[in-house]
Each structure stands twice: as C-alpha cells, then as structure tokens.
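Please look at the sequence and the 3D structure shown here, and keep both in view while reading the report.

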Amino acid sequence: LFDGVYPFYPQRRKAFVFDVSTIIVIVVFLTFACSFLLIIPGIRGRARLYWTLRVLLSLVMGVVIVVVQFTGDWETGWVKVNTSYKSFSHALVNADIGLHVGLAGVNITLMGNPVNQVNETINYNEHFSWSFDANYDHSYSEGLERGLPSPILYVAEKFTTQSPCNIHRQYRISGHYASATLWVAFCTWLISNMLFSMPVLVYGGYMLLVTGAFMIFSLLSFSTVRNSLTCPIQFGTTILHTGYGASFWLTLAIGLLCFVSGITVVALHYFNLDLLKTFFDLREDKAEEYQEMTEVYVNPHFVNGL
C-alpha cells in the first residue's frame with residue numbers, strides 16, 4: 001500500500017454517496033447556519049422564532065438543491081451472488097454487488113462476504129463518469145487495463161456506448177437535463193430569498209412555486225430512463241434490480257416543501273396579510289411608523305394663549 005491506496009490505482013476511489021464536492025457544499029451551508037445562530041440572540045421577541053424558522057428552512061432548501069447534484073444514489077440496487085471473480089479463473093466468490101446511479105455517472109460496488117476470499121481483499125467501489133466533459137468508454141478501458149474484477153466490468157459494460165443495451169445515451173441526456181433544471185431551481189431559490197426581503201412578499205411566494213416546479217421537472221427528466229427498455233443485469237439466475245434512491249426522494253420532498261411554502265405565502269397574502277407581515281417581521285415596523293406619524297406635539301404656551 002502507498003498512503004493507504006493500492007499502487008495500481010492512480011487516485012483514491014470515489015464514494016458512491018458523498019464526495020469532496022458534497023462535503024464542501026454542506027460545510028458552506030453549515031457555516032451560514034452557524035453564523036446566523038450567532039446573531040439570532042440580538043433579535044428580540046417573537047421575531048426571533050420567526051427568523052430562525054425562515055432562515056433554517058430556506059437553507060435546507062438551498063443545500064438540498066445543490067448537494068443532490070453531486071450525490072450518486074439517485075437510483076440504487078443491491079444483489080448477493082456467487083460469481084466468478086476474475087477472467088480465465090474458475091474461482092467463485094460470495095459477494096454483494098451494488099449499482100449506484102447519479103446525474104454525472106455510475107458507481108459499482110463489490111464487497112465480499114467475507115471480505116477476505118481467494119487470498120485477496122474484495123472491497124471495490126469504482127466510479128465511471130458520463131458527464132459531457134468525461135469519456136465513459138475511456139474510463140471503462142482503464143478499468144480493463146487495471147484488471148478490475150469481472151463483476152464490476154460486467155456491470156460497467158452495460159453502460160458503454162457500444163453496448164447493445166443502448167442505455168448510455170438515455171442516462172447521460174436525462175442526467176444532464178436533470179442537473180440543468182436543478183441549477184435553475186437554485187437560481188430561483190436565490191431570487192425568492194431576495195424578494196422576501198422586500199415589502200411585497202407575494203412575489204417571493206410565486207418564486208418558491210417556480211423553484212418547486214423546476215425541482216419536479218428534474219425528477220421527471222431523470223425518471224424517463226425508467227420508461228425505456230433496459231438489459232437485465234444478471235448473475236446466473238439472480239437479477240440486479242434498481243429503484244429510486246435517497247437523492248431522488250429527498251429532491252421530491254424538498255420540491256413539495258417549496259410548493260407548500262409558496263402556496264402558503266400566496267394564500268396568506270390574499271386572506272390574512274397581517275399574519276404574513278408578522279411572520280416576516282414587517283408589521284412591527286409599519287406599526288412604529290404609524291405611531292410616529294400620529295403623535296402630535298402641542299406647545300402648551302400656544303394653547304394657553306388661545
């Protein structure tokens with residue numbers, strides 16, 4: 001081992017759920033949240049609770065919109081099999097094989113049961129990217145040159161451009177448009193936060209509805225791959241089945257939350273504007289202005305003279 005990595009690997013293996021980009025995004029949003037918690041004691045009264053709820057809820061929406069761009073569990077599947085470990089070898093291993101599909105690529109996991117079999121440590125997690133700035137077939141060829149285990153190469157081959165399954169283009173295009181619509185949702189989320197700092201709050205509610213709509217569009221874009229015929233990933237009599245993963249359902253939940261929040265803001269604007277202004281800490285300012293305008297200072301000498 002060289003620095004904890006096998007020498008025939010040029011870099012550390014990428015995790016199938018979290019990677020460096022995901023951690024950076026989470027740290028940035030946690031920094032914003034901690035900064036707000038430091039200044040929250042300076043807000044007096046019930047407005048402190050309203051500010052905390054608004055800010056934390058908005059940060060949760062923003063961090064999910066960005067983080068799911070880099071996660072690798074939009075579609076996942078696991079299967080336990082007895083399969084050959086290497087080409088030109090009759091040795092069989094008992095292992096768990098996992099397939100984790102993200103917007104920019106696929107991760108294939110191979111973990112032995114137990115980990116140490118056939119005098120080797122069977123614990124692999126390989127990433128193959130199909131983003132527009134990457135070459136999936138080249139990554140697959142590098143895997144062949146490194147001598148990856150046969151189960152990983154078998155699953156990875158299903159997603160190559162030369163595969164008769166013809167699913168590479170489908171996943172690549174759907175992932176690209178899902179990512180693009182999520183970035184638009186992030187922009188509309190930023191605009192909604194700007195609009196909520198203005199007196200006319202209903203426009204912020206409308207923009208939250210637009211944010212939720214683009215998040216749902218991203219889910220529809222990714223789900224189109226489920227409507228096409230796919231080749232079965234089969235190991236003997238066992239088939240690897242996949243289903244929607246945590247990132248898909250998390251995006252759906254936040255998209256629905258944006259819809260509910262936007263509808264609530266719009267409904268309160270038309271049916272209970274005072275409650276809406278109280279929640280956004282605008283009613284007290286207006287009351288103070290009204291109080292200042294209605295106060296009249298009278299000169300007592302002038303009154304006595306009359």
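The report below goes through the sheet, a pair of helices and some backbone details.

## About the model

This is a predicted model, in which local features need pLDDT of at least 70 and side-chain atom pairs count only at pLDDT 80 or more, while totals for chains, interfaces and linings use all residues. Residues are numbered from 1 along each chain as its sequence is written, and side-chain values use heavy atoms, with hydrogens and water left out.

## The sheet

Strands of a sheet pair through backbone hydrogen bonds, either parallel or antiparallel. Here five strands form an open sheet in the order β4-β3-β2-β1-β7, with antiparallel pairing (strands are DSSP runs of E with at least two residues, helices are runs of H or I with at least four, and both are numbered from the N terminus; two strands pair if DSSP finds at least two bridges between them). The edge strands, each pairing on one side only, are β4 and β7 (243–244).

Between β3 and β4 there are nine bridges in the antiparallel sense, and N107 has H127 in β4 as its bridge partner. Helix α3 packs on the sheet, where it touches β3 and β4, and its direction makes about 160° with that of β4 (contact means heavy atoms within 4.5 Å; angles run from 0 to 180 degrees between N-to-C directions, with axes fitted to C-alpha atoms, for helices over the stretch in contact).

## Two packed helices

Helix α3 (residues 136–146) also packs with helix α4 (residues 150–157), at an angle of about 165° and with the axes 11 Å apart. That makes α3 roughly antiparallel to α4 (angles under 35 degrees count as roughly parallel, over 145 as roughly antiparallel, 65 to 115 as roughly perpendicular and the rest as oblique).

On the α3 side, Y136, Y140, G143 and L144 meet L153, A156 and E157 of α4. By class, this contact of α3 with α4 has five nonpolar, one polar and one charged residues (Ala, Val, Leu, Ile, Met, Phe, Trp, Tyr, Cys and Pro count as nonpolar, Asp, Glu, Lys and Arg as charged, and the others, Gly among them, as polar).

## Backbone details

The peptide bond from N113 to P114 is cis, with omega near 5°, and P114 is found in strand β3 (residues 105–117).

N119, in the loop between β3 and β4 (120–129), has a positive phi of about 60° although it is not a glycine. N119 is exposed, with a relative accessible area of 83% (buried means under 20%, exposed over 50%, and partly exposed in between, with a 1.4 Å probe and protein chains only). N166 likewise has a positive phi of about 60° without being a glycine; N166 lies in the loop between α4 and α5 (168–195), and counts as exposed at 61% relative accessibility.
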